[in-house]
Amino acid sequence: MKALVALSRIFVGVLFIISGFIKLNDPLGFSYKLQEYFSPDVLNLPFLEPYALGISVLVVVFEVVLGAFLLIGYKPKFTVWSLLLMILFFTFLTFYSAYFDKVKDCGCFGDALKLTPWESFTKDVVLLLFILVLFFGLKHIQPVFGKLQTTVLALMSFILSLWFGFHVLEHLPSIDFRAYAIGKNIREGMIIPEDAPKPVLEYSWKFNINGTDKIIVTDGSYPTVEGDFVSVETEVLQEGYTPPVVDFSIETNEADLTEEFLNKDNVIVVVSYSLEKIERNGALKLKKLQDLARKRGYEVIGLTASGDEAKQRINEAYKIDFEWYLCDEKALKTVVRSNPGVLELDKGTVMQKVHWNDIEDLQL
């Protein structure tokens with residue numbers, strides 16, 4: 001039992017630290033996932049949505065800290081009980097998500113590793129079994145160091161985790177796992193290979209035959225049947241290939257200019273998923289950025305999901321005059337974790353990307 005507890009202790013501790021650190025690297029991204037869970041279509045807790053970022057930071061810091069506590073043996077009873085309660089909650093959440101097909105990706109490992117709902121649930125069940133071993137073998141969990149050293153290490157893990165979370169919120173994730181990371185080409189990220197797996201669909205056709213409704217299941221072909229068609233329902237049995245970049249566009253109300261801008265050099269893109277929520281201190285820097293970039297030979301454009309009224313109001317308020325183009329809000333939240341954020345594109349390749357706090361660091 002002692003050896004099994006030691007093995008479980010290392011496995012659970014390391015996994016919690018890795019999982020927590022990946023999310024702590026991008027707490028804003030995890031908060032978007034929490035908002036998805038809180039939405040009326042999932043858990044129906046919309047009153048929690050405004051607090052998603054705060055909850056996100058607390059959860060991921062606690063996750064990292066618990067992993068560290070377990071490895072060094074700090075307050076074993078508190079640590080194991082906390083781990084058990086946390087994994088029970090997340091096991092319920094991933095089961096609910098998988099069974100009712102509510103959230104396609106739990107966000108357990110951020111953008112570093114995408115898991116299907118059932119894979120997430122399976123992962124949580126395995127973790128639950130290891131944590132149960134720790135729960136029943138609690139007496140075998142002893143501190144690795146002396147009391148003072150263990151307390152200092154525990155405190156340091158909390159302080160460092162909290163500092164790192166605050167740091168990436170004020171700048172950008174230290175490690176960018178997304179398809180818009182520096183060096184990635186957005187156009188290439190949209191491509192679907194010819195040999196990419198296609199989705200497997202099942203069609204349930206309802207026909208009224210001699211006054212009785214009958215369901216006929218096919219893979220898409222229209223059934224040959226004598227009767228009146230009533231309705232058809234489609235179920236995805238297996239997802240097809242999804243390219244890394246989806247829903248990204250550079251559009252006006254009349255035209256799609258995505259390809260045109262992704263073929264240009266020296267384009268500065270100011271991204272604001274919502275101009276209504278734009279950070280004032282960041283918006284105040286846009287006039288200077290616009291003037292300097294144009295002086296250095298760059299074309300400056302904006303991308304937002306907001307409407308014409310908001311665009312005009314922002315341009316007048318902050319004395320900027322570059323054109324704002326339309327893009328999906330969710331896509332823009334993925335492009336850069338900042339409102340506003342700034343990218344330099346050369347033929348669709350992300351050359352630079354900064355938080356509004358770091359606009360002065362752009363090399364123009």
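Residues are numbered from 1 along each chain as its sequence is written. Because the model is predicted, local features need pLDDT of at least 70 and side-chain atom pairs count only at pLDDT 80 or more, while totals for chains, interfaces and linings use all residues; side-chain values use heavy atoms, with hydrogens and water left out.

The chain has 12 helices and 8 strands. Both kinds of element are DSSP runs numbered from the N terminus (helices are H or I with at least four residues, strands are E with at least two). The C-alpha trace spans about 75 × 70 × 40 Å along its principal axes. Of the 364 residues, 46% count as buried, where buried means under 20% relative accessible area, exposed means over 50%, and partly exposed lies in between (1.4 Å probe, protein chains only). Among the contacts with a separation of 6 or more, 71% are between residues 24 or more positions apart; a contact means heavy atoms within 4.5 Å.

Two strands count as paired if DSSP finds at least two bridges between them. Strand β1 (residues 200–209) is joined to β3 (residues 228–238) by 9 bridges, and L201 stands opposite V236 of β3. On β2 (residues 212–218), β1 has 7 bridges, again in the antiparallel sense. I209 has T212 of β2 as its bridge partner. β1 and β2 form a hairpin with 2 residues between them, and N210 in the turn has a positive phi of about 50 degrees.

Next comes the empty space. Rolling a probe the size of a water molecule over the atoms shows where such space is left. The second largest pocket has a volume of about 550 Å³. A pocket is found on a 1 Å grid over the protein atoms alone, as an open set of points where a 1.4 Å probe fits, with protein on both sides within 12 Å along at least five of seven lines; lining residues have an atom within 4 Å of a point. Grid points are joined across faces, edges and corners, and the volume is the space filled by probe spheres set on the points. Of the 24 lining residues of the second largest pocket, the closest to its centre are L28, Y32, L53, Y273 and E279. The elements that give two or more residues to this lining are α2 (27–38), α3 (52–72) and α6 (147–170). The largest share, 5 residues, comes from α6. By class the lining has 11 nonpolar, 7 polar and 6 charged residues (Ala, Val, Leu, Ile, Met, Phe, Trp, Tyr, Cys and Pro are nonpolar, Asp, Glu, Lys and Arg charged, and the others, Gly among them, polar).

K333 lies in helix α12 (residues 329–335) and contacts Y32, Q35, R178 and Y273. K333 counts as buried because its relative accessible area is 15%. S157, in helix α6, is likewise buried, at 14% relative accessibility, and is in contact with V65, A68 and F69. F135 belongs to helix α5 (residues 117–136) and contacts V80, W81 and L84. At 26% relative accessibility, F135 is partly exposed. F135 and T79 are 56 residues apart in sequence and 9.8 Å apart in space, C-alpha to C-alpha.

The peptide bond from N339 to P340 is cis, with omega near 10 degrees, and P340 sits in the loop between α12 and β7 (341–346). K75, in the loop between α3 and α4 (76–99), has a positive phi of about 45 degrees although it is not a glycine. K75 is partly exposed, with a relative accessible area of 49%. N266, also not a glycine, has a positive phi of about 55 degrees. N266 is placed in the loop between α8 (258–261) and β4 (267–272) and is partly exposed at 31% relative accessibility.

Key:
Lists of a residue's contacts leave out its neighbours within four places in sequence.
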